[in-house]
Amino acid sequence: MPNVFPRWTNRLPALALVGLLLVGTAATAGLWYYFTPKYTRVGYSPIQPVPFPHSVHVEQLGMDCRYCHSAVEKSWYSNVPASQTCMNCHNQVLKDDPRLAPIRESATPGSRPVEWVQIHKLPDYVYFNHSVHVNRGISCVHCHGDIHKMDEVYHAKPLNMTFCLECHRNPAPNLRPPDKVTDLAWDPHKHLPPDWGAKAKKEWKVNASQNCSACHR
Amino acid sequence: MKTIPPPCPEPESGQRYWRSLDDLADSPDFRQWVEREFPSGASELKDPIARRHFMKIMSASFALAGFGLAGCRRPEEKILPFSKQPEGYVHGVPQYYATAMPTRGSAVPLLVKSHDGRPTKVEGNPDYPDHNGGTDTFTQASILSLYDPDRAKRFTRNGETVPAVEALDFLSNVGRTAGQGQGLCFLLEHTSSPSRLRLQQEVAKKFPQARWFSYEPVDLQFGATAGAGGSVPFHKLDQAKVILALDCDFIGDEEDTCRHCRNFAKGRRIQKPGDPLNRLYAVEGLMTLTGMNADHRLRVPTSSVLAGATAIATAAAPGNAAVTALAQKFPLPTSVDPKWIAECAADLAQNKGASVVLAGHRQPPAVHALAAAINAALGNNGKTVVYREAGPQLGRLGELRELLNQGAVSTLVILGSNPVYSAPADFDWATTQAKAKTVVRLGYYEDETFPFCTWHLPLAHYLESWGDARTSDGTLAPVQPLIQPLFGGITEIEVLARIGGMDSTKPHDIVRDTFRQFAGQGNFEETWKKFLHDGFLPNTIYRPRELAANALGNILSSATAPAAPSKDSLEVVFHRDYKLDDGRWSNNGWLQELPDPVTKTVWDGLVLISRKTAEEFGVENTDVVEIELNGRKIQGPVWIQPGFADNSLGISLGYGRKRGEKGGAGRVGQNVGLYNAYALRTSAAEYFAVGAKLTKTGRTYKVSCTQEHGSMEGRPIVREANAEQYKEFPGFAKNMDLEAHSEHIPIDPKTGKPYMIYEHPYSGYRERKGQVAVDLSKQMFVSAIHQWGMSIDLSTCVGCTSCVLACQAENNVPIVGKDQVSRNREMHWLRIDRYWSGSADKAPKEMIDDPQAVTQPMLCQHCENAPCESVCPVNATVHDEEGLNVMAYNRCVGTRYCSNNCPYKVRRFNFFDYNKHPIGKDLYKSPLTSSSKGRWNLLNWLKEPSMHHTVEEDQWDLMALVRNPDVSVRMRGVMEKCTFCVQRIEGAKIAQKVKAGASGDVQVPDGTIKTACQQACPTDAIVFGNQLDPNSRVSQLKKLQHDYEVLGFLDTRPRVTYLARVRNPNPKMPDYHAIPLNIKEYADKQGNPFQAHHDAGHTNSHAQKGGAH
């Protein structure tokens, strides 16, 4: 019987298998790295209608987070401030600056609000509550990074479920006295004894639920 | 803000074509993008050497993240804060406002939850005097009607849209040109609103010749008021030890069901043997909720209730000449055992001053007069029933009809009402109404009456209106709007004010002016604010009035009744539907899909018939029959109703509505039910008529029923006992089924716990018989702070189904439509199971003639040893540390193994995307299999991905507003079930932690968390709480001896336990059963639970099975 296939095709199945394994590994590795929130979200810094610098307002001027994000202690949602809040100062400070034009326009009665681009967004099936974290000793920097140093806000932490679980499994190192929650430059390692977190966890009965019902309803 | 992101413009880094990376690097867009995305890399771009390197390592990122695959990132979403934030508004925290839902003669006091300025959930007002915060089904469902896309949204004239200003000007014109009011007629609905009453009087004074009429298809007041000589009775069931209901379904069908349920349940709540219980007697023809809860029920045709009432009155109130004369005119039907009457009357007489007789709205004034006479004779007046003066009575619809036929009506103003649909058939209202020169109507829907109106104005929903109301005892309640009228609707009082040409036409001002009459001394503004805050004004009850005894005599002497029904002359009873009322709720999908509390059918009007009569005619369930009454005919499906009177047919009002070109029922309510009861109903006999003929048509019709099997077949699912049995053997509930054998479980002497093959990780904390609670601090997955549990008291559950609708409203439970319900795919997380049991003394087929009934709410039991958790292949259903069986919707892949394994069958699966697809046959459409507009849907869908919304835009946008933002809306393919309102639990825990701050006070106090079902229940039958707290109500209830688990022998260890039902029958009555019938069936099959286990005729069954014992 004549040879239908040339000799070199004998190696094909083995090569195909090896090739498949290599491609599979590469694809998995690629997905594992590039498609996780740690890669896709961290660093995300969209262009905002107004280049609001937290570094100026928080670090230099010393404003507390809650002056603008007023609902963070009461609600699950930490609100972006109303234009009126900005105008409290900016009707005098930089009152003609062109960069603040959208704020001034939106603060006039009957106009549309400023369209900020949302940076931190969790999926709809996750029900995260700000008030319980902020009131129980978790600082803003833990999830939002060094906001006080940002000229433009970028997504500093992946905010995927792993990130949340890392803290929920061991909340003690991330606890700080409640009055220091919005003190973003405060370094807990410098000011607190090493076992402070564990003591606080016990005393406050911090029971960071690791169960599905905590966030998924 | 869990909303679908709006379509956003192309990202700045769109699809760009570049030949080389260098090329790309030079473009300003790219440079800007790099500066944003990689601020550190931006500097490298400038340096030619570093740039190379940068490009090399980042090339993959460029491709993925924008310069090749635009849109790998999630779409850009915007945050739109306020320009100026309203004071006190916090997004995410709901606000509560006190208001009231006006009913015909009363109101339901409410506290409505509002998210982002729109109402999302209706709750009762717990601060209202003598109110526990419960509601009824109509109140819970009313929120959906607010967001009904089919409601009237425009002002019209002759069917054409006109600007609102034009219509409102016309109203003022009516007043200006009315002169003395000649030819001006008003047709109103019933209300208890003092503002409307005041405006009525003012407008009547201004136009003295104007005529006023009122019409309610189901008139809940007429009989009572006429029968009591112009007084309105106010019954206090909680003061009564013996209650007699003469065709009075005070639990489900009369005015003020919420209050009656609550007061009735006060006399049914039992904590320990010997607690006093009230006793309920019912005389009725239909099987109603009250009949289901009665200790003794006399089944007579509705038209014979008069004879029955007369007999009882003769025995209980002897010496009344008018009553004696009546007894001679209407003798007792031969089928009725005179002993029943005698003993019932004796029981009433023995409880002078603590008994009460009520008569229902279907009964003529004579029966109400008899009830009043008995109450008076027994000294109940002032104790269990008080009377007040009825408001001014307006003219009847028949008088308006005469005026119209005379051509004497130039302007007819109709406020609310739907007379073209619901007027008696002999009035031929469509033609009659057209005889008025101008008809102005204020209506909620552009319904059947709409094409016959000259001007049509949109009515505002009560949640968008200013108004007031008085509950049946007279307490003033505000109707406060929670949202601006969505479609510019106006209220009744505004219409009256405009016609009357008054200065203040704004409803807010009108209500405030009325309030001045009630406010009394003190600062008016402070009183007003407190009134709006509290939801009521104290000390405004009606003045009681003595009943004029001689008034009753006149009514009794002029009483008439039709002849007794027979096979050739059947009785037809027109009854108010439990879900649609008189038809006003027909476009409310929640109510249409709510299983009828008695028949458990959905989306249909049935012809109810008794077993015997059905046999005589040779008809079976779902056979379509034709009913002919005085020349008018309707056809409907037969439904054999256990406990229904013989030779009687039950017809529901509210069905058979059609949707025409010009107006009619809404999209949901159209073509529901085969017959329109109003086509048969005449003014001569509005509630029941004798003389109908029944013929078979030979056709059948599919009826969707959620519970076809009505018997427990001897299984101890609902456990009950008579009061004496409970006294003698309090532990009976645990002495049934395999739990009775629990003493045989051997105890390991070392641990003090039973030997068990399997120790479930969460089973530790529960105390079982002989077991010791496990040390919680050693259990990782068991919280030492909260362990949630629920107790449902079957003695106080009356079966009203408010809890089912409350759960649907709170948890965004979709409706699925009639076809899907027939496939057992209804989505209600909570269902009320209703079981019939018959006496074994009767022949098997006759057992359902006079059955006993029990109801049991069945929801996810949150088993500690849950069969559903271990079989989920993706671990979507897990047990949390506090005892909840939790469902993670995003993880579920739709295997449905959990539902398969659940012994209680409480898990509901989303077979289709019920939220996005319209219910009905369209559910089966998908892009792959269907076509529309001449193209295969898949092609359409590829071009426009957003066209998968097959629900029309206006429906989608509006109905989305009713959803609770704290609960996920589930998509197709996901399993769902009762979560113990986990959003409320988490909300309360979070609130407690926020309050605790840096302290350990994190346990939620008892009573803070109320599940939706608990909150809606008017009788407090459902109690939820923390079982770790020994003082919590639920812990106390679970300690009671008659507490038991359903299907406990499966060792599921449910957190929901039930308190067995205790009946209170009268041993002297002829229909007395010494043991509740379903327990008798159990005892015959398995053993007597009222004896110690070994003494129960128990050896029989064991010997038969050959087991050692």
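# Exercises on a predicted two-chain model

Chain A and chain B bury about 5000 Å² between them, and carbon and sulfur atoms give 56% of that area. The model is predicted. Work through the exercises with the structure open.

## Exercise 1. The interface

Task: Find how many residues each chain gives to the contact, and which elements of chain A take part.

Solution. 
- Step 1. Count the residues. Chain A gives 57 and chain B gives 53.
- Step 2. Look for polar contacts. The interface holds 17 residue pairs in polar contact, both partners at pLDDT 80 or more.
- Step 3. Assign the side of chain A that touches chain B to elements. Those that give two or more residues are α2 (37–40), α5 (83–90), β1 (116–117) and α7 (130–134) of chain A.
- Step 4. Sort that side by residue type. It divides into 27 nonpolar, 20 polar and 10 charged residues.

## Exercise 2. Salt bridge and strand pairing

Task: Which residues form the salt bridge between chain A and chain B? In which sense do β1(A) and β1(B) pair?

Solution. 
- Step 1. Count the salt bridges between the two chains. There is one.
- Step 2. Name the partners. K121(A) bridges to E77(B), with the closest N and O atoms 4.0 Å apart.
- Step 3. Turn to the strands. β1(A) pairs with β1 of chain B, residues 78–79, in the antiparallel sense over two bridges.
- Step 4. Locate one bridge. V117(A) has K78(B) as its bridge partner.

## Exercise 3. Two residues of chain A

Task: Is S106(A) buried or exposed?

Solution. 
- Step 1. Apply the cut-off. S106(A) has a relative accessible area of 2%, so it counts as buried, the limit being under 20%.
- Step 2. List the contacts of S106(A), leaving aside neighbours within four places in sequence. They are S83(A), S111(A), R112(A), P113(A), V114(A) and, from the other chain, S83(B).
- Step 3. Check the side chains. Those of S106(A) and S83(A) make a polar contact of 2.6 Å.

## Exercise 4. Inside chain B

Task: What does A98(B) touch? Which way do the side chains of β12(B) point?

Solution. 
- Step 1. Get the overview. Chain B has 34 helices and 41 strands. Of its 1109 residues, 60% count as buried.
- Step 2. A98(B) counts as buried because its relative accessibility is 3%.
- Step 3. Find its contacts beyond four places in sequence. They include L110(B), N125(B), P478(B), L532(B) and G535(B).
- Step 4. Compare sequence with space. A98(B) and V479(B) are 381 residues apart along the chain, yet their C-alpha atoms are separated by 7.9 Å.
- Step 5. Move to β12(B), residues 296–299. H296(B) and L298(B) point one way, R297(B) and R299(B) the other, and all are buried. In a regular strand, side chains alternate between the two faces of the sheet.
- Step 6. Find the neighbouring strand. β11(B), residues 279–284, runs parallel to β12(B), and four bridges join them. One of the residue pairs is Y281(B) with H296(B).

Terms used
Residues are numbered from 1 along each chain as its sequence is written. Chains are lettered from A and ligands numbered from 1 in the order in which they are written. This is a predicted model: local features need pLDDT of at least 70, side-chain atom pairs count only at pLDDT 80 or more; totals for chains, interfaces and linings use all residues. Side-chain values use heavy atoms; hydrogens and water are left out. Contact means heavy atoms within 4.5 Å. Buried area is the accessible area (1.4 Å probe) that two parts lose on being put together, summed over both. A salt bridge is a side-chain nitrogen of Lys or Arg within 4 Å of a carboxyl oxygen of Asp or Glu. A polar contact is a pair of N or O atoms within 3.5 Å; within protein, one must be able to donate a hydrogen and the other to accept it, and residues adjacent in sequence count only if both atoms are side-chain atoms. Ala, Val, Leu, Ile, Met, Phe, Trp, Tyr, Cys and Pro count as nonpolar, Asp, Glu, Lys and Arg as charged, and the others, Gly among them, as polar. Two strands pair if DSSP finds at least two bridges between them. Buried means under 20% relative accessible area, exposed over 50%, partly exposed in between (1.4 Å probe, protein chains only).
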